[in-house]
Amino acid sequence: DLARRKVTPDNVGAVEAIGKGASALTEAIKEVRRISHDLRPRVLDDLGLTAALEALISSFSERTGIAATLESVAFKHMLVPEARVALYRVAQEALTNIERHSDATRVTIRFSSRDERVQMVVSDNGRGFPATRTENEMPADKGLGLRNMQERMTHFGGRLDVESSARGTVLRAVLPMTAMKDHGPRLQEAAE
């Protein structure tokens, strides 16, 4: 703003360049704030995973125009905090991949808890990508995002499976019962 005031009005090119620079800076500040908020959204700690994911997919739909729904049971008190963060990050990365690569028009995130495990399934109707992958088949050169998601699940003794076709992609993140609060000592053993 100071540069804009100091430049002479007859120097149209400088005024336009300063205006474009100021607009770009404003957008960069908004993006940094969004990223900072997404790193550890307060709603995750205050209201739980379901509320945090509802906020995430609402923001995702608003930003991308892709319809997104969440089907969930309440996990606020069931999962240890680190497991909630891991699942949130997996959902966040999956949505980022969908936005960047899938050309999808619809996304669904489903949670279930049965057979002593918690499962999150993220599915889209996008164009998919070649090959079906499980955690042991993901090559190192095929995307840091998938590898990061896999490592988050492996840390808790869980797994990440990805199935993709021309009809869309299904990402399945599964955590064992050890990621639940009342199994804290077993979680520590699994981490060691």
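A residue is called buried under 20% relative accessible area, exposed over 50%, and partly exposed in between (1.4 Å probe, protein chains only). This is a predicted model, in which local features need pLDDT of at least 70, side-chain atom pairs count only at pLDDT 80 or more, and totals for chains, interfaces and linings use all residues. Residues are numbered from 1 along each chain as its sequence is written, and side-chain values use heavy atoms, with hydrogens and water left out.

The stops are salt bridges, where a side-chain nitrogen of Lys or Arg is within 4 Å of a carboxyl oxygen of Asp or Glu. The structure holds six salt bridges, and the tour visits some of them.

**First stop.** Select R63 and E99. They form a salt bridge whose closest N and O atoms are 2.9 Å apart. R63 sits in helix α4 (residues 49–64) and E99 in helix α5 (residues 81–102), so the bridge ties together parts that are 36 residues apart in sequence. Helices here are DSSP runs (H or I, at least four residues), numbered from the N terminus. E99 is partly exposed at 36% relative accessible area, and R63 is partly exposed at 41%.

**Next stop.** Select D161 and R159. Their side chains meet in a salt bridge, 2.9 Å from N to O. Is D161 buried or exposed? D161 is buried, with a relative accessible area of 11%, while R159 is partly exposed at 31%.

**Last stop.** Select E163 and R172. This salt bridge spans 3.6 Å from N to O. E163 is partly exposed at 41% relative accessibility, and R172 is partly exposed at 22%.

Notes: Helix = DSSP H or I, 4+ residues; strand = E, 2+ residues; numbered from the N terminus.
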